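Hello,

Here is the structure I promised to pass on to you. My notes on it follow below, so please have a look whenever you get the chance.

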Amino acid sequence: MADKGKLAIYWAASCGGCEISILAINEKILDVAAAFDIVFCPCIMDTKARDVEKMPDGTIDVCLFNGGIRTSEQEYMARLLRQKSKVLVAFGSCAQEGCIPGLANVTDRAEIFDAVYCTSASVDNPGRAVPQTETRVNGFLLSLPVFYDTVRTLGQTVPVDYYLPGCPPEAPRIWDAIVAILEGKLPAPGSVIGAQTTVCDECPRQRNEKKVKAFKRTWQIIPDEDTCLLEQGLLCCGPATRAGCDARCPRVNSPCIGCYGPNAGVQDQGARLMTALASVIDSQDPAEIDRIISEGIPDPVGTFYRFSLANSLLRRAAKVPDEQRHELPLPKAAGAQE
Ligand code: SF4
Ligand code: SF4
């Protein structure tokens, strides 16, 4: 059909769950197929970057781009798809905020390569061989993408039209976005498609005064099924997390871990969550407050910035100066990000 739209779906630094989540719209996928031709989607079709390169600029009506930017190849594809797409959607938490791949911003390429290729218990690599960006084999030059020190979000790399949060986005929100695209009722460019408020606003649990003497891990208690989990000492990210999932996790007795990112008007989800938790700690004694935090929150970065470190005000840990790090052969970083 000549009047069908053109849809591209691409993944960068991500797990692939966002692609799978598109199938969760079930039979409505037939409506998508009726409205769009999929012109690029390496996950399900044998389409190559060169196919996209040949397209005139703006050929693709909508590109759903999931994943953060970890390598030079992903950065190239982000720029290419931006150039070829009328509407570029950061699809899911990895594209919007870096998500779990962005948590690696607590370290850098040298430490990651060291762990993955040299020191992991299952690795046998006495020569400490690690991937190089260029290698000559029989006179031919083979190349690999540059692995950057820092994961960046899609929006830190190219202009993004819309953000669809979630890890992965929930099917009803994906359908909302598709309907908005089909009906031409998209919000202002730069908007997050979905709710503005927090998971707490969708959560049916009863809320009273929150006063916490100790934070508990999920395996330490069986919470009652009606009362706010945070009031029971479980570290629930609901107060600092955007609504849109219908409070899926608290509804099944599990605290929100923050996958929908910050709610409207909040720049830094971790800072917002810290502020919320500080207000519920039931103590005025600095020593006791220290104890409550250190015993109850053993992984502060993974707790407060599990999904949003790359997009936070911090972005990454300060880098270890090279002279303080043990020797490790690094790939040639021509054209590297930093
Ligand atoms: S803190 Fe968690 S459990 Fe409590 S109301 Fe908010 S989302 Fe629900
Ligand atoms: S409750 Fe929180 S962790 Fe669970 S789906 Fe919703 S935003 Fe994600």
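The C-alpha centres of domain 1 and domain 2 lie 30 Å apart. Domain 1 covers 5–101 + 151–192 and domain 2 covers 199–311; these bounds come from an automatic or database domain assignment. Before going further: this is a predicted model, in which local features need pLDDT of at least 70 and side-chain atom pairs count only at pLDDT 80 or more, while totals for chains, interfaces and linings use all residues. Residues are numbered from 1 along each chain as its sequence is written, and chains are lettered from A and ligands numbered from 1 in the order in which they are written.

Where the domains meet, 14 residues of domain 1 are in contact with 11 residues of domain 2 (contact: C-beta atoms, placed from the backbone, within 7 Å). On the domain 1 side, helix 5 (93–97) and strand 8 (147–152) are the elements that give two or more residues, and helix 5 has the largest share, with three residues. Helices (H or I, at least four residues) and strands (E, at least two) are DSSP runs, numbered from the N terminus. By class, that side of domain 1 holds four nonpolar, six polar and four charged residues. Here Ala, Val, Leu, Ile, Met, Phe, Trp, Tyr, Cys and Pro count as nonpolar, Asp, Glu, Lys and Arg as charged, and the others, Gly among them, as polar.

**Sheet and hairpin**

Six strands make up an open sheet with parallel pairing, in the order 2-1-3-5-9-10; two strands pair if DSSP finds at least two bridges between them. Strand 2 (36–40) and strand 10 (191–192) are at the edges with a single partner strand each, so one side of each is left without a neighbour in the sheet. Strand 3 (residues 60–66) pairs with strand 5 (residues 85–91) over five parallel bridges, and Cys63 has Leu88 in strand 5 as its bridge partner.

Strand 6 (residues 134–137) and strand 7 (residues 140–143) pair in the antiparallel sense over four bridges. They form a hairpin with two residues between them, and Asn138 in the turn has a positive phi of about 50°. Glu134 stands opposite Ser143 in strand 7.

**The core**

The largest nonpolar core has 71 residues, of which Tyr10, Cys63, Phe65 and Val89 touch the most other members.

Phe65 lies in strand 3 and counts as buried, with 29 C-beta neighbours inside 10 Å (buried: 20 or more other C-beta atoms within 10 Å; exposed: 12 or fewer; partly exposed in between; C-beta atoms placed from the backbone). With the same exclusion, Cys63 touches Ala8, Tyr10, Leu81, Ser85, Leu88 and Val89.

**The two ligands**

Around ligand 1 there are 14 residues, the closest being Cys200, Cys203, Cys228, Cys236 and Gly238. A residue is near a molecule if its C-beta atom, placed from the backbone, lies within 6 Å of it. This shell divides into 11 nonpolar, one polar and two charged residues.

The residues around ligand 2 include Cys245, Cys249, Cys256 and Cys259. Helix 10 (residues 248–251) gives the most to this shell, with three residues. The shell around ligand 2 has nine nonpolar, two polar and one charged residue.

Best wishes

Methods:
A nonpolar core is a set of buried Ala, Val, Leu, Ile, Met, Phe, Trp, Tyr and Cys residues joined through C-beta atoms within 7 Å. Two residues are in contact if their C-beta atoms, placed from the backbone, lie within 7 Å. Lists of a residue's contacts leave out its neighbours within four places in sequence.
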